[in-house]
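I opened my notebook to look up aromatic contacts and pockets, and I keep the entries in the order in which I checked them.

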Amino acid sequence: MNTEPARKPDKPEKAVRGILAGLPRKFWRMFSHNLLWKLLALALAIGLWAGLITQDPTLTRERVFTDVPVSVTGADTLRRNGLIVTGGLNDASGRVLLRVEVPQREYNSVVTANYNPRIDLSKLTDTGEQSLKITTTSTTTYGNVTEVSPDSVTVTVDKYVTSYRLPVTVRVAGEYPTGFYGASPTLDPSIVSVSGPESVVSRIARVVVDFDVSRLPPQAGLLRTALTPAYEDAEGNRLDSALVEASSAGVLLRSIVVEQQLYPTKSLSLNTLALSTGTPATGYEVKSVTPTPGVLIAAGDETALSALDSLFVEHAVDVSGRSTSFAAEVKVRKPSELVYLSSDSVMLTVEIGPSLAVRSFEDVPLTITGTGANLRASSETKAVSVSVTGPKLRFDTLKASALKAFVDTAGLLAGTYALPVKLTVRDTDEKTYTYAITPQNVAVTIEAD
């Protein structure tokens, strides 16, 4: 049995234990003393640390930009060097991916324009397919571009040439506004120089502007319309004009100006009093003179048109000695105040026929014909008066004995009838004469025999 008494702790050990037991209270008293100032000092320290971090250009973060457009430069310089890009630029101006190490301070503010991805066409020196590297701009402010994908584009290059003094042709389509006539349109300029890829310019046979006159406003006067030129080869096929430029006197042209003068129109007929001259053969006369077309369209100043009501032929058609109908083409006299006449000549159809004479005969015997068997017919009217119109040459010597006035009772039964009086002329076609009989009808009595 251990009867040794318990050992009492040494004084130094007590001191250590006392110090350790008092540390939390001392630390809390130190921390809580002027606590607000201490918190402000901490926040200031953190702010200063953050500021120093953002101002240090060596501290960067990677940022990736997608679908970044690529700009194209140097096109004008390339053309001055006698070259032009004909293909691949659509791919060149497409979208690329940029991977950039951006300084910490600019990370949230940078945009793709800060790195300006681009291709420089002025670096091209030969024709055919050429590869161009996509370049970018790296700065200490916005960081360094570490990757461009894709990093190059392939373009097709052709010679840039100019063809001088090509005439411009206007191709008119459609109809002018109703009531107006359009003079031949003029062009400003009418001759141009054409520049572009040799593969296209060498095939250009003509420069054309398509002019649809149906779109013009219905008003008299000078109208100007700007039209885009087109280019055709010798067979009339349209050529791709995307890279072709027209110029005149060193000025680049986006359009050709078409000048169109519109005049009001008026329908005019020929004066029928002066279409023929001379005298037909004896016994014949001019029955009619018919112009074809019968109406002409005239255009000119509105004041001048209002003073015109008819047109004249330059020389009347000569019918001297004619005995048959005929046709002849004659010139139409165009008044000096007119700018347009739909036709400069007309076809005159001249109808010539026998001159007509009128002969009158009194007491021409009236006969009854066509009476049926076992019937007899009678009339109290025994003679009629006859007026006959027919060819003068024949009727001038017509005798009363050549006339036969009659009534026709064919098919009629017994009874009393009012029947028309008819006439025949011996040895004469009934189609060549007309007649009038007095009385026109007579009473006829038919009786059984």
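How many aromatic pairs does the structure hold? I was working with a predicted model, and in it I found four aromatic pairs.

I looked up Phe 65 and Tyr 115 and noted a tilted pair, with 6.0 Å centre to centre and 45 degrees between the planes. Phe 65 belongs to strand 1 (residues 60-69), while Tyr 115 sits in the loop between strand 4 (95-103) and strand 5 (118-120), so this pair ties together parts that are 50 residues apart in sequence. I also checked burial, and both Phe 65 and Tyr 115 are buried.

Tyr 433 is buried, at 7% relative accessibility, whereas Tyr 435 has a relative accessible area of 36% and is partly exposed.

I then turned to charges over rings and found Arg 61 over the face of Tyr 107, at 4.0 Å from the ring centre. Arg 63 also lies over the face of Tyr 107, at 5.6 Å from the ring centre.

Last, I looked up the largest pocket, which has a volume of about 170 Å³. Its lining comprises 13 residues, with Ser 241, Val 244, Glu 245, Leu 253 and Arg 254 nearest the centre. I noted eight nonpolar, two polar and three charged residues in that lining, to which strand 15 (245-248) and strand 16 (251-253) each supply at least two.

Notes. Residues numbered from 1 in each chain as written. Predicted model: local features only at pLDDT ≥ 70, side-chain atom pairs only at ≥ 80, totals over all residues. Heavy atoms only, no water. 1 Å grid on protein atoms, 1.4 Å probe; cavity = no way out; pocket = protein on both sides within 12 Å on 5 of 7 lines; lining within 4 Å. Points joined across faces, edges and corners; volume = space filled by probe spheres on them. Helix = DSSP H or I, 4+ residues; strand = E, 2+ residues; numbered from the N terminus. Nonpolar A, V, L, I, M, F, W, Y, C, P; charged D, E, K, R; others polar. Phe/Tyr/Trp six-rings, centres within 6.5 Å; stacked < 30°, edge-to-face > 60°. Buried < 20%, exposed > 50% of the residue type's maximum accessible area, 1.4 Å probe, protein only. Lys NZ or Arg CZ within 6 Å of the ring centre and 35° of its normal.
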